[in-house]
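The structure is shown below.

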Amino acid sequence: MKKILLLLFPLLLLLSACTTTAEDVEEEKSLVIGFSQSGTESKWRKRHTDSIKNELEKENQVLYRNGYMSQERQIQDIRTFIAYKVDLIVFTPLQEDGWEMILKEAKQAEIPVIVVDRHINVSDQSLYITHIGPSFKAEGNRGGLYVTNYFSDSPKEEINILELAGLTETSPTTLRTEGFQETISRDPRMKVVDTLSGDYVRMKGKEQMEEYIKTQDINRIDVLYSHNDEMTHGALEALEETDIIPGKDLVIVTIDAQEDMIRQLRAGVVNCVVECNPNAGWYVANAINRYFDGKELSHEIYMPETVFSESNLDTIPTRNY
């Protein structure tokens, strides 16, 4: 009997060690991450949300809240995360201003914060550890570069541009305008003659374009520069009531690169689609892992993006959103 026990004892130790190791690994992985998204106003935003949630849930517990396009709701959700004592907060701000107080509460609670997608304005940059997202100004530059190249050999003496901008007081809107203006300023013929605000929403884009068609001479416009695909879809619906042929009579540049807009590009309805990369999940998860491993993070992490036009239709990957 003693001999049997002596033989079994090492085996029991081994099984015990294996069990303890598995539990330890699980504990190491079980960070609690609070994730506040600004809304679900587009396919792009839904893809952005899924990318972050799916990647974080591989190794962490995720408390997700949808702000439904309300900053007040987002602030309350972040305050709930703080009360819950999460390990880290990830949030996509609806607008730039108004976050200082709630982020100070997070800092006092010693909860690190990562800002994703849009930028924020705060006096103390230490209130968040990093911002992860697209370079919105570069997106505007790319849209402007397409327009300047398109008309480089044109005999036109004036090139009139209609801008369909996004939600006011947000970094994508401000920087996409700046980047576009910066690039087209190299050609003195080019001028943004009017700017409409469609709030990044399809219906609002349609309403704004319909009103413009009623009150202005749309035939004098050479280029439509739209800050996102959803507003572009709305504008295209409004243009169906006119004799204008999109993509020919009116050059259309749009930002996002949703699958449905790539189809419009292939059909020649739009001329240029500037990518805004929604797949932030890996970058967010990697930043979190590096932070908790004690590694230094850049305060600004930009994601790779490109441009699609008639010149590279055969190489456009499936968008999945």
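## Salt bridges and the protein interior

Lys 43 and Asp 260 are joined by a salt bridge whose closest N and O atoms are 3.2 Å apart. Because Lys 43 belongs to helix H2 and Asp 260 to helix H9, this pair ties together parts that are 217 residues apart in sequence. Lys 43 is partly exposed, at 39% relative accessible area, whereas Asp 260 is buried, at 9%. Both residues take part in a network of salt bridges that also links Arg 202, Lys 206, Glu 230 and Glu 237.

The model is a predicted one, and the search of the whole structure finds 18 salt bridges in it. Three of them are set out here.

| Salt bridge | N to O distance |
|---|---|
| Lys 43 and Asp 260 | 3.2 Å |
| Lys 58 and Glu 55 | 3.2 Å |
| Arg 176 and Glu 139 | 2.8 Å |

In the second pair, Lys 58 is exposed at 60% relative accessibility, and Glu 55 is partly exposed at 22%. The side chains of Arg 176 and Glu 139 also meet in a salt bridge, which links distant parts of the chain: Arg 176 lies in helix H6 and Glu 139 in helix H5 (residues 136-150), 37 residues apart. Arg 176 is buried, with a relative accessible area of 3%, and Glu 139 is buried at 0%.

Arg 176 is also one of the residues nearest the centre of the largest cavity, together with Trp 44, Arg 45, Arg 118 and Tyr 200. Helices H2 (43-56) and H6 (171-184) are the elements that give two or more residues to the lining. This cavity holds about 120 Å³ of space, and its lining comprises five nonpolar, two polar and six charged residues.

Helix H8 (residues 229-239) is mostly covered, with 10 of its 11 residues buried. Among the buried residues of H8 is Glu 230, a member of the salt-bridge network described above. The cover over the buried residues of H8 includes H2, strand S6 (159-165), helix H7 (202-215) and helix H9 (259-266).

His 131, in strand S5 (residues 130-133), is buried at 1% relative accessibility. Beyond its neighbours within four places in sequence, His 131 contacts residues including Arg 118, His 119, His 299 and Glu 300.

The chain averages a pLDDT of 92, and 91% of the residues score at least 70. Over residues 1-20, pLDDT stays under 50, and the model has zero contacts beyond four places in sequence for them. Where pLDDT is low, predicted coordinates should not be read in detail.

Definitions and conventions
Residues are numbered from 1 along each chain as its sequence is written. This is a predicted model: local features need pLDDT of at least 70, side-chain atom pairs count only at pLDDT 80 or more; totals for chains, interfaces and linings use all residues. Side-chain values use heavy atoms; hydrogens and water are left out. On a 1 Å grid over the protein atoms alone, a cavity is a set of points where a 1.4 Å probe fits but cannot get out, and a pocket is an open set with protein on both sides within 12 Å along at least five of seven lines; lining residues have an atom within 4 Å of a point. Grid points are joined across faces, edges and corners, and a volume is the space filled by probe spheres set on the points. Helices (H or I, at least four residues) and strands (E, at least two) are DSSP runs, numbered from the N terminus. Ala, Val, Leu, Ile, Met, Phe, Trp, Tyr, Cys and Pro count as nonpolar, Asp, Glu, Lys and Arg as charged, and the others, Gly among them, as polar. Buried means under 20% relative accessible area, exposed over 50%, partly exposed in between (1.4 Å probe, protein chains only). Contact means heavy atoms within 4.5 Å. pLDDT is the predictor's confidence in each residue, from 0 to 100. A salt bridge is a side-chain nitrogen of Lys or Arg within 4 Å of a carboxyl oxygen of Asp or Glu.
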